[in-house]
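User: I am new to reading protein models, and I would like to go through this one step by step. Could you answer my questions in turn and show how each answer is reached?

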Amino acid sequence: MREYPFELALDPSPDVPLFVRITRALIEDIRRGRLRPGAALPGSRALARSLGVHRNTVVAAYRDLAAQGWVETRNATMTYVSTTMPDVPRRRASPTTPGTIAARAGFDLPARVSAAGWAHEVPPGAIVFSGGMPDLRLLPTEILARAYRRVLRSSARRLFEYGDARGDERLRAALADMLAAVRGLGASAEDVLVTRGSQMALDLCARALLRPGDVVAVEALGYRPAWEALAQTGARLVPLPVDTDGLSVDALAALVAREPVRAVYVTPHHQYPSTALLSPARRIRLLDLARAHRIAILEDDYDHEFHYDGRPVLPLASADRAGVVVYIGTLSKILAPGLRIGFVVAPAPLVGRLAAIRTFVDRQGDLALERAVAELLEDGEVQRHARRMRRIYQARRDVLTEALRKHLGDAVELAPPPGGMAMWVRVAPGLDVDTWAARALDRGVVIHPARRFAFDGRSRPFFRAGFAALDEREIHEGATRLRAALPTKGATRAAS
């Protein structure tokens, strides 16, 4: 209350004394939750200045409130809302309790958007085999902080003005250089649009490309937030099978033969969640099919840096000669998801459309942060950090393989993935993976069963276990807890 002027709506009736109008207005604010039990009222001088009245008028109102039991004075100077007020429910307000805002909307809302089944609470101290989190304990925060300070000192004013909706030009150029070097994309800064994470990139692409009723093919096991972003446009999503060679292009061809397909969303490098690599034959056929039928391929290359066995497979975009691939990437896995640096590489007309839409949605990104990250890319810091993390995550993949085989050898069947940040684990026949996941949560360990990633929501005998964010001790402890959580034969329980 001391930091902001306190505005009070007074009854304009001239025949009611001013101090009474102030008293009534404050009582109403207490009743409707604007002023909560224990809250400090503004000082009498401050409120008098705000209302343009004499201080004695406010003092009289405060005395009247105190006499009625609405407020109490402490230390002879500060006035607080009483914690035992008349005619007011004694239930203390919580951060989730509505105050002055209505609990229900007074207008109709479209179909509900829900994160149910995706977002979930994690018990304190739990070991989380999260499928997509880097180890934030290893983030080079001091290097990032130095770059940020350097940027603010050298060009602070310009970076706090309105800027290009496509993102900081130096970051776009640095990303283009990185993509040309390690991903085989012949991109320039003009082909790149920087976004607040890959989810925003996908949302902008959906808005730019899709209309209600458009058919979009997606992987039947996949990333639900991406599906929701596509579906919000009114597009109709059609799931296609996924196997050890990635998306079934035969199924896509059959779909195209039946009806027009506007776009296909695919994760070809490490299929999410199964980690399968899209085979070379399917890559060629997918590009040919998209070119022949003018289908947009939304390629989500979310963890390209982390490939351990053999040479990394270049993105579909690197072989695209027809302009059908929209390439979506992120630095979240290399650095941290909280930095919100994603990007789109696409033909120039689409980049221009994405920038126009972004102007109405978000106007622009955090140019100061983008410039700091650009400097880290130019100096090679991001590349060095990525190489270090690749070695660490490969070692953790091997530790998880050993731990699961040691503690759960008779309950699981696994093959170490050639890359990525998680493992797709098949459970033994007859073992209820959803019951197991629920029992594991009770023991402070989180795994993600396959139904979490299934378009149809049905159970499958797999779970996804991330290893990147856990050290060796945590991985072994998590495997031990998973062993203890194994359900007894015939036990079933709804997944949490």
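Predicted model: local features only at pLDDT ≥ 70, side-chain atom pairs only at ≥ 80, totals over all residues.

User: Which residue in E17 is the bridge partner of tryptophan 424?

Analyst: Within E17, the bridge partner of tryptophan 424 is arginine 464.

User: Which strand supplies the largest share of the lining of the second largest pocket?

Analyst: This pocket holds about 460 Å³ of space, and its lining is made of 19 residues, with Thr244, Ser274, Thr275, Trp424 and Phe462 lying nearest its centre. The largest share, at three residues, comes from E14.

User: How many residues in the lining of the second largest pocket are nonpolar?

Analyst: The lining can be sorted by class, and this gives three polar and four charged residues beside the nonpolar ones. The nonpolar residues in this lining number twelve.

User: In what order do the strands of the seven-stranded open sheet lie?

Analyst: The pairing in this open sheet of seven strands is mixed, and the order is E4-E12-E11-E10-E9-E5-E6. Its edge strands, each pairing on one side only, are strand E4 (192-195) and strand E6 (236-240). Neighbouring strands of the sheet are turned against each other, direction ignored, by an average of 20 degrees. To repeat the order asked for, the strands lie as E4-E12-E11-E10-E9-E5-E6.

User: What angle does the direction of helix H7 make with that of E5?

Analyst: Helix H7 (residues 224-231) packs on the sheet and touches strand E5 (215-219), E6, E9 and strand E10 (296-300). The angle between the direction of this helix and that of E5 is about 180 degrees.

User: Are the residues of E10 buried or exposed?

Analyst: Along E10, Ala296, Leu298 and Asp300 point one way, while Ile297 and Glu299 point the other way. A residue counts as buried when its relative accessible area is under 20%. By that cut-off E10 is mostly covered, and five of its five residues are buried.

User: Which residue of E10 stands opposite alanine 263?

Analyst: The pairing of E9 and E10 is in the parallel sense and extends over four bridges. Opposite alanine 263 in this pairing, the residue in E10 is alanine 296.

User: What residue in E12 stands opposite glycine 329?

Analyst: E11 and E12 pair over four bridges in the antiparallel sense. The residue of E12 that stands opposite glycine 329 is phenylalanine 343.

User: Why does arginine 340 count as partly exposed?

Analyst: Arginine 340 lies in the loop between strand E11 (325-330) and strand E12 (342-345), and it has a positive phi of about 55 degrees although it is not a glycine. Partly exposed is the class between buried, under 20%, and exposed, over 50%. Arginine 340 therefore counts as partly exposed, because its relative accessibility is 34%.

User: What is the phi of arginine 363?

Analyst: This residue is found in the loop between helix H10 (348-361) and helix H11 (367-379), where arginine 363 counts as partly exposed at 30% relative accessibility. Its phi is positive, in a residue other than glycine, and the value is near 70 degrees.

User: Which residues are joined by a cis peptide bond with omega of about 15 degrees?

Analyst: One of the two, proline 273, has its place in the loop between strand E9 (263-266) and helix H9 (280-293). The cis peptide bond, with omega of about 15 degrees, joins tyrosine 272 and proline 273.

Technical notes
Residues numbered from 1 in each chain as written. Heavy atoms only, no water. 1 Å grid on protein atoms, 1.4 Å probe; cavity = no way out; pocket = protein on both sides within 12 Å on 5 of 7 lines; lining within 4 Å. Points joined across faces, edges and corners; volume = space filled by probe spheres on them. Nonpolar A, V, L, I, M, F, W, Y, C, P; charged D, E, K, R; others polar. Pairing = 2+ DSSP bridges. Buried < 20%, exposed > 50% of the residue type's maximum accessible area, 1.4 Å probe, protein only. Axes fitted to C-alpha atoms, helices over the stretch in contact; angles between N-to-C directions. Contact = heavy atoms within 4.5 Å.
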